[in-house]
Each structure stands twice: as C-alpha cells, then as structure tokens.
Amino acid sequence: MADNSVSATDPSTAAIIVAVDGSEISYQAVEWAAVEADLRRTALHIITSYAVPTGRGSRAGIGAAETAWLRSDGARVLGEASAVAHATVPGESIAVTTEFTFEPIVPTLIRLSADAHMIVVGNRGRGAVRRALLGSVSTAISRRAHCPVAVVHGAPETDADASRLPVVVGVDGTENSQPAIELACAEASRRKVGLVAVHAWGDTNGYDLPVVGWTAIHETEAVLLGQGMAGFAERYPEVPMERVVVCDTPVRALLHHADTAQLLVVGTHGRGGFPGMLIGSTSTALLQHARCPVIVVRHDATMPDDPALR
C-alpha cells in the first residue's frame with residue numbers, strides 16, 4: 001500500500017522519511033519528524049515494513065488471509081502515524097504521505113536515503129512483537145544511510161523552555177566533523193537558538209585523575225576547536241555560538257551537554273576511528289544513551305539542496 005508516495009528518484013520531492021512500527025517511540029519519532037519537516041518546509045513521508053523473514057514461514061508461504069491482515073494492520077499503523085503528524089503540525093503546512101512495504105526496512109531506508117533530507121527512527125521498537133525492529137534499525141541506518149539520520153529517544157519536549165535550549169555539536173578537530181557542524185548550525189538557525197560546540201580532549205581510562213599541564217593542553221585544543229569552527233560564525237551570524245573544551249571522554253562530555261540541549265549533532269569517523277567503520281563508538285554510545293534526539297551525519301553523506309545549508 002502506498003498513499004501518494006514521495007518519489008525517491010525525484011530530488012524536487014526530497015522528504016524527511018520516518019519509519020514506524022506501531023510502537024509509542026516510533027510515533028514520538030513522527031512527532032519530531034513532523035516538526036522538523038515544518039521547520040524545513042518540506043514533505044514528510046511515513047513508512048512501515050511488514051517484511052516476513054525468508055525461509056519457512058516466508059510471505060510466499062502465507063495465505064491470502066494472513067497477507068490481508070498484514071496490510072490491514074499496516075494501514076492502521078500508518079493511519080495512526082499520520083494522525084500524530086497532523087496533530088503535531090496542524091493545518092496544511094506540510095504534506096504527509098505514507099507507504100506500506102513487504103520489503104525489509106533497513107535496505108529500503110538506505111535506498112530512500114539517497115534522495116532524502118533525513119531519515120528519522122526511534123531508538124528502539126516493539127521487540128519480538130514486530131518484525132521491524134527499530135532498535136536495531138537505528139544503528140544499521142546510522143552506519144549506512146546516504147543522508148543524515150535522526151534517532152529519537154522519547155516524546156519531544158514542546159514547551160517554551162525546551163524550545164529555547166541550544167543545539168549541541170561534537171567537534172573532533174578533523175574534517176570529518178565539518179558536515180555535522182554545518183548541519184548543526186542550520187538546525188540552530190531554524191530553531192532560533194544558540195549552538196554549543198563541544199571538543200573533548202583525552203580518551204581517558206575512566207579514572208578522574210588530574211592531568212598534568214592541562215592549561216597548556218587546553219590552549220592547544222582550543223585552537224584546534226577554533227580551526228574546526230572557522231567561518232561558521234560569519235556564515236551564521238544569527239546563531240550565538242559557544243565553544244567548550246573539556247578534559248573528558250567525548251561520550252561523557254557530549255552526554256553532559258546533551259542533558260540541557262534540544263538536539264545533539266555528531267559526525268562519524270572521528271579520532272581513533274578505523275578504516276571501514278562507518279560510525280564510531282562515540283556515536284553508537286550517544287545513540288543509546290542521549291536523552292535528546294541525536295542526528296548522525298556521515299562524513300561522506302550527500303544531501304539535497306537545502307537553502308539553510310548556505
């Protein structure tokens with residue numbers, strides 16, 4: 001079942017795509033995605049997969065009644081998700097389309113990501129109750145998607161205080177974090193909030209031991225952070241920017257600042273990464289433990305033209 005589906009091959013129809021499986025967290029991902037689509041003035045495409053594992057019990061072996069039930073339940077899930085989107089962003093400000101598929105969700109999302117603005121998923125799904133396991137999907141998609149991936153961890157906070165919280169971005173001092181900084185600046189600009197750029201020095205062994213010569217190290221790392229942020233303040237003068245250098249692990253530092261943020265943006269292939277790893281251990285840990293939504297931007301991600309990414 002496809003309801004006015006957004007074409008994945010036409011750049012003019014590039015959308016924010018959100019995967020749902022009927023779980024509460026997936027509907028919370030729809031809420032966040034709807035707001036994001038409204039901010040970007042782009043379409044929202046909701047997709048659900050009822051892929052049946054191959055082998056014994058595959059869809060080829062199930063009857064017409066079972067297939068009809070799967071389609072009916074998929075229509076219910078998509079209907080509920082659409083209602084959530086329209087309740088979150090009332091009126092006609094965003095176009096909402098839906099899609100039902102029997103194809104596995106991970107390769108489907110990867111294919112759609114080639115022309116999407118963003119893929120949005122919940123950080124966990126319904127477990128064994130459903131076959132679209134969004135908990136594993138979030139990690140797999142973050143590793144392989146061609147566009148930024150947002151992982152939502154709970155109901156988005158929509159009160160006035162939450163809307164004033166900053167966007168936090170991790171800066172590791174390499175070119176790999178540049179796409180993340182670019183996107184974080186654009187997100188802060190859309191939300192009319194500040195940006196906190198966090199640079200953590202030292203992959204410590206977990207013991208809070210004093211660091212000899214930290215003053216000199218701090219100065220050096222602050223220069224590195226400044227180099228990473230070079231040019232962004234001039235391109236986004238409307239965004240107040242704070243630069244933070246801390247002596248801590250990247251995970252602890254970013255989680256600390258994410259506690260008082262509305263969004264955390266991180267890149268991949270950071271310091272200590274290995275060739276072939278498409279998402280680092282830092283990003284993986286943040287996807288699991290951050291309280292606010294996390295956007296992962298692969299260093300080689302390609303994105304449709306976005307006026308905010310100027």
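Reply: In this predicted model, helix H6 is followed by Lys192, whose phi is positive, near 60°.

Me: How do you know what span to expect for H6, and what span does H6 reach?

Reply: The expected span is 1.5 Å times one less than the number of residues. H6 has 14 residues, for which 20 Å is expected, and the helix reaches 20 Å from its first C-alpha to its last, close to that expectation.

Me: Why is H6 called largely enclosed by the rest of the structure?

Reply: A residue counts as buried under 20% relative accessible area. In H6, 13 of the 14 residues are buried, so the helix is largely enclosed by the rest of the structure.

Me: What makes the pair Glu36 and Arg191 a salt bridge?

Reply: The rule asks for a side-chain nitrogen of Lys or Arg within 4 Å of a carboxyl oxygen of Asp or Glu. The closest N and O atoms of Glu36 and Arg191 are 3.0 Å apart, and the pair therefore forms a salt bridge. Glu36 lies in helix H1 (residues 24-40) and Arg191 in helix H6 (residues 178-191), so the pair ties together parts that are 155 residues apart in sequence. Both Glu36 and Arg191 are buried.

Me: What places Arg76 and Asp73 about one turn of a helix apart, and is each of the two buried or partly exposed?

Reply: Both residues lie in helix H2 (residues 64-88), 3 residues apart. An α-helix has 3.6 residues a turn, so residues three or four places apart point the same way. The closest N and O atoms of Arg76 and Asp73 are 2.9 Å apart, and the two form a salt bridge. Asp73 has a relative accessible area of 12%, under the 20% limit, and is therefore buried. Arg76, at 33%, falls between 20% and 50% and is therefore partly exposed.

Me: How do you know that Arg291 and Asp259 form a salt bridge, and which parts does the pair tie together?

Reply: Their closest N and O atoms are 3.7 Å apart, which is within 4 Å and therefore meets the rule. Arg291 lies in the loop between helix H10 (281-289) and strand E11 (294-297), and Asp259 in the loop between helix H9 (250-258) and strand E10 (263-267), so the pair ties together parts that are 32 residues apart in sequence. Arg291 has 68% relative accessibility, over 50%, and therefore counts as exposed. Asp259, at 44%, is partly exposed. Elsewhere, salt bridges that share partners join Glu36, Arg40, Glu187, Arg190 and Arg191 into one network. By the rule, the count of salt bridges comes to 11.

Me: Which residues touch the most other members of the largest nonpolar core?

Reply: Of the 51 residues in that core, they are Leu44, Ile46, Val120, Val169, Leu195, Val265 and Ile295. Leaving aside residues up to four places away in sequence, Leu44 touches several residues, including Ile16, Val18, Ala33 and Ile94. A second, separate core of 36 residues includes Val106, Ala258, Ala261 and Leu264.

Me: What is the predictor's confidence in the protein, and where does pLDDT stay under 50?

Reply: The mean pLDDT is 82, and 77% of the residues reach 70 or more. The value stays under 50 over residues 127-134 and over residues 270-279.

Note on methods:
Residues numbered from 1 in each chain as written. Predicted model: local features only at pLDDT ≥ 70, side-chain atom pairs only at ≥ 80, totals over all residues. Heavy atoms only, no water. Core = buried A, V, L, I, M, F, W, Y, C linked by side-chain atoms within 4.5 Å. Buried < 20%, exposed > 50% of the residue type's maximum accessible area, 1.4 Å probe, protein only. Contact = heavy atoms within 4.5 Å. pLDDT = per-residue confidence, 0-100. Helix = DSSP H or I, 4+ residues; strand = E, 2+ residues; numbered from the N terminus.
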